[in-house]
Amino acid sequence: MGISIKNICCIGAGYVGGPTMAVMSLKCPNLIINVVDVNKERIDAWNSEDLSKLPIFEPGLEDIIKKTRGKNLFFSNKIKESIENADMIFISVNTPTKEKGLGAGKASDLKWVEACAREVSRFAKGYSIVVEKSTLPVRTAEVIQKILYTSRKNSNKEKKIFKVLSNPEFLAEGTAINDLLNPDRVLIGGDDEQAMSSLRGIYKEWVAEEKILFTNIWSSELAKLTSNAFLAQRISSINSISAICEVTGADVREVSRAIGKDSRIGSRFLDSGPGFGGSCFKKDILNLVYLAEYFGLSEVANFWESIVKINAWHQKRISEIVVKKLFGTVANKKLVILGFAFKSNTNDTRESAAISICKNLLNEGANLVIHDPKVSVSQIENDLKIKPIKSFDNKKSYLNEKSGEWEYRPHINNLEIFKNAYAIVILTEWEDFRKLNWREISKNMVPPAWVFDSRSIVNPEEVKDAGLSLWRLGDGT
Ligand code: NAD
Ligand code: UGA
């Protein structure tokens with residue numbers, strides 16, 4: 001039997017903290033949940049009256065926020081107060097790859113997690129369950145535990161008791177709400193039966209008990225990294241096969257369908273695309289690589305590192321194909337980029353394949369018109385590290401310029417976006433891109449105009465009938 005939990009504090013109001021706590025608040029109306037963050041702008045956005053201004057775009061999220069925000073779900077910067085009042089504290093902060101120092105380029109940067117642990121240690125009162133929701137290297141719970149006990153300050157320090165659990169999150173962006181409402185499993189790692197049961201008690205409000213797994217804490221931390229590594233490995237595998245398809249006359253969609261029918265393989269996560277993006281696959285695999293190297297398992301490290309390497313190669317391969325098909329040069333040519341998010345139904349661009357592909361094309365001198373229905377111009381500027389220009393139309397000549405420029409379009413309902421374009425490159429599988437009127441679009445473009453579909457979303461006959469040349473990933477037919 002676990003102790004009953006009434007007050008929850010979640011540190012980190014990001015892509016995980018926000019949706020996770022929103023669903024928990026919906027399913028557990030008796031819990032008071034405070035989501036706190038150091039980023040004031042982000043908290044203001046979570047509290048904005050206009051729900052379309054929430055910091056995260058996630059289907060179904062607005063409806064839940066409408067129901068629970070201000071009732072049992074609160075967003076604020078009141079970190080101290082929220083920790084003081086909480087029985088259970090979720091750490092849901094970012095854990096990116098370290099940029100410098102020991103383990104740079106592979107190990108996770110735990111400075112935000114450490115800062116949280118110190119704050120919890122300082123402000124928590126009495127018995128607190130501390131839950132690792134962030135994805136962490138194996139044995140981080142040990143570090144957290146040490147910080148919690150060694151940084152306690154105040155006269156009552158001996159009365160502070162901490163129980164650390166690992167409860168990794170498996171949601172995928174774009175389907176986060178559904179993933180949280182109907183998880184395949186909930187993993188709880190720990191060594192304290194009572195604390196583990198308390199957390200299970202919360203999930204049991206909406207998740208069947210047999211889906212809630214108890215493991216030791218290190219297995220839980222490692223299972224999260226392994227799960228992402230396996231998923232990413234499938235994508236790198238099918239993307240590598242797409243290259244073979246293109247040179248042999250096979251079609252990667254047919255190959256995927258055929259192998260996916262084998263129940264041992266399964267059909268999901270076999271869509272060849274422009275290379276996996278998102279904030280986690282690359283960083284979690286590199287974390288695993290670092291762990292293997294640390295323990296002297298160089299063959300294991302090389303095996304997993306190859307998944308990341310082939311992903312980078314694949315992204316480069318796509319931009320090279322675009323250049324080759326356009327007679328070996330894209331300098332001064334207008335190309336329309338459809339999609340910048342790392343997948344559809346999210347505004348997240350972290351590690352999006354679009355970033356490296358657009359950078360490569362800009363390097364080759366192309367002028368890009370970039371459209372994404374949910375990604376803002378400032379986010380794209382941040383990713384490309386180049387300021388957008390208002391419009392190419394008034395430019396006289398670009399011939400002497402080394403690298404291309406880009407402009408942003410929030411909408412594509414006006415066909416003018418395609419005017420004088422040499423090619424359209426589809427990088428994100430937004431639903432709207434399936435419904436384009438290729439015949440009308442074609443009239444605006446410079447022949448022989450190309451469509452490069454890296455997501456297999458266009459109808460090939462429609463595109464070809466409109467007089468456009470089509471390249472699809474993994475299509476050797
Ligand atoms: P994020 O960057 O969107 O959000 C993290 C938030 O933590 C930020 O708003 C940041 O300001 C805040 N923060 C950092 N340090 C803080 C501190 N000391 N006090 C208060 N707030 C602080 O990150 P995310 O995408 O939500 O990911 C969080 C963790 O969850 C990562 O470990 C990630 O690997 C893991 N994860 C992410 C996903 C996903 O789909 N994004 C899915 C599963 C797991
Ligand atoms: C992934 C995992 O799916 C989640 O379980 C995990 O919780 C999360 O990482 C995390 O730890 O952050 P996410 O990155 O949000 O979720 O999205 P995915 O659906 O996994 O897609 C990742 C990338 O792979 C995207 O760029 C997507 O376009 C690509 N992908 C996915 C393919 O190219 N083909 C596929 O068949 C599936």
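Predicted model: local features only at pLDDT ≥ 70, side-chain atom pairs only at ≥ 80, totals over all residues.
Local features need pLDDT of at least 70 and side-chain atom pairs count only at pLDDT 80 or more, while totals for chains, interfaces and linings use all residues. Residues are numbered from 1 along each chain as its sequence is written, and side-chain values use heavy atoms, with hydrogens and water left out.

**Ligand 1**
- Around ligand 1 there are 27 residues (a heavy atom within 4 Å), and the closest are Asp37, Arg42, Thr95, Glu173 and Lys283.
- Among its polar contacts (N or O atom pairs within 3.5 Å), a nitrogen atom of ligand 1 is 2.8 Å from a side-chain N or O atom of glutamate 173, and an oxygen atom of ligand 1 is 2.9 Å from a polar backbone atom of tyrosine 15.
- Of the 830 Å² of accessible area (Shrake-Rupley method, 1.4 Å probe) that ligand 1 has on its own, the protein covers 92%.
- Helix 5 (residues 111-123) gives the most to this shell, with three residues; helices are DSSP runs of H or I with at least four residues, numbered from the N terminus.
- The shell around ligand 1 has 11 nonpolar, nine polar and seven charged residues, where Ala, Val, Leu, Ile, Met, Phe, Trp, Tyr, Cys and Pro count as nonpolar, Asp, Glu, Lys and Arg as charged, and the others, Gly among them, as polar.

**Ligand 2**
- Of the 19 residues around ligand 2, Phe170, Leu171, Glu173, Asp271 and Cys280 come nearest.
- An oxygen atom of ligand 2 is 2.7 Å from a polar backbone atom of phenylalanine 170.
- Taken alone, ligand 2 exposes 690 Å², and the protein buries 90% of that.
- The shell around ligand 2 divides into 11 nonpolar, two polar and six charged residues.

**Helix 9**
- Helix 9 (residues 217-248) gives the most to the shell around ligand 2, with four residues.
- At the start of helix 9, a side-chain oxygen of asparagine 216 reaches to within 2.9 Å of the backbone nitrogen of tryptophan 218.
- Glycine 249 follows helix 9 and has a positive phi, near 95°.

**Second largest pocket**
- The lining of the second largest pocket has 11 nonpolar, four polar and four charged residues.
- Helix 6 (140-150) and helix 11 (281-294) each supply at least two residues of that lining.

How values were computed. Chains lettered and ligands numbered in written order. Polar contact = N/O pair within 3.5 Å; in protein donor to acceptor, adjacent residues only side chain to side chain.
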